[in-house]
Amino acid sequence: MRSIDEHKAKTDFEGLIPTLSTWGEYVDNVLNEYLATAFPSREHIQQNACHRVKSVESYCEKVLKRKSYANPLLDTTDKVGTRVILLTRNDVKIISDFVFECEKWCFVQRSRDSLSEIIENPEMFTYQSEHFIVKPLDNYDTAVDRNLLTCEIQVRTILQHAYAEISHDTMYKKAVSDNPKVKRMLASSMALIEAADEKFCQIYSAMASEQTPAMEFQEILISLYKECVSHYDENTYRIDIANMLLKIFSEDERNAIRNDIKDFFISEKEEIAYAINKYRPESVLFCQPVILVAFYGIVNYQQKLQDEWPFSYEDFERVAHSLDISMENFK
């Protein structure tokens, strides 16, 4: 049996840590740049990529256990790792495909989940995250052997993450890992979580295939609002604030607003844009696209807005004054 020099293994790894960290940061940047374009809706990204270099203690423990390693520093492929946590399995597939096809690194392999190696019946625990190994391209600027700079990328759903954390916490404790009852409960929880994940995918699929009038109206408001605030992030859209104002109108009135809002906006754009940018720093309402409905309402539904206005009186005054409507009209 081949003996591993623990001191040399430790010294070699410690010398590589700064370079591993730089490579991990590069992988993070590539992943996070793609995440920002792949998911316009922010909730799908539960955790951005954030690398972590293996601790010296963890590395030494691993290589000492794996006496078959001919070259510990080369054979250990998860010296640095990063993890992306997403909302559904469909999201995981999108990022997994990107990792495999990305031309900014060399794809090495799809790696095995380390937890499965210590479970006697791994087929019972199939609901695992995706693990990939990547290394730098030949043109990556480094003074060390690029083959040493393997990074493990984990891609998992938020439910997979919860399951993995619980599995790791229990199965690495010997007294618990030998308990058949605990294993059965883990397997049962896995099945429930996997079923829930499937339902989540179905929900998002149904939402994507059915564009409701309310969703269309939201997109119209966001599009017009961006003409006033080009840097507006639609992930900050507050449906609760929008509904507070929209619910005071009947369905027929909301339909009329939806049909007329573009023409109204064009006719009052200069005043509206000035008011929005003036009052955004001091008013939550002016930071939301539904403010356009408030402007429309102050002109076309003055009495209704006065009677049922759901926000502060200061905001009501701001909306009125912005379109040169005297507060005398509301006494």
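Ala256, Ile257, Asp260, Ile261, Phe264, Phe265, Ile272, Ala275 and Ile276 of helix 10 meet Ile291, Leu292, Val293, Phe295, Tyr296 and Val299 of helix 11. Contact here means heavy atoms within 4.5 Å, and helices are DSSP runs of H or I, at least four residues, numbered from the N terminus. This is a predicted model, where local features need pLDDT of at least 70 and side-chain atom pairs count only at pLDDT 80 or more, while totals for chains, interfaces and linings use all residues. Residues are numbered from 1 along each chain as its sequence is written, and side-chain values use heavy atoms, with hydrogens and water left out.

How do helix 10 and helix 11 pack? The angle is about 100°, and the axes are 9 Å apart. That makes helix 10 roughly perpendicular to helix 11, a label for angles of 65 to 115 degrees. Axes are lines fitted to C-alpha atoms, for helices over the stretch in contact, and angles run from 0 to 180 degrees between N-to-C directions.

Now helix 10 itself. Helix 10 covers residues 251–279, which is 29 residues, yet its end C-alpha atoms are only 29 Å apart, short of the 42 Å that a straight helix would reach at 1.5 Å a residue. The expected span is 1.5 Å times one less than the number of residues. Where is the kink in helix 10 centred? On Glu268, with a value of about 80°. The bend at a residue is the angle between axes fitted to the seven residues ending there and the seven starting there.

Buried residues of helix 10 include Glu253, Arg258 and Tyr279; buried means under 20% relative accessible area, with a 1.4 Å probe and protein chains only, against over 50% for exposed and partly exposed in between. The buried residues of helix 10 pack against helix 8 (213–226), helix 11 (291–300), helix 12 (302–308) and helix 13 (313–322).

From the side of helix 13, the buried residues are Asp315, Phe316, Arg318, Val319, Ala320 and Ser322. They pack against helix 10, helix 11 and helix 12. Just after helix 13, Asp324 takes a positive phi of about 55°.

Last, a single position elsewhere. Ser96 lies in helix 4, residues 89–101. Is Ser96 buried or exposed? At 6% relative accessibility, Ser96 counts as buried. Apart from its neighbours within four places in sequence, Ser96 is in contact with Glu130, Phe132 and Val155.

Key: Helices (H or I, at least four residues) and strands (E, at least two) are DSSP runs, numbered from the N terminus. Angles under 35 degrees count as roughly parallel, over 145 as roughly antiparallel, 65 to 115 as roughly perpendicular and the rest as oblique.
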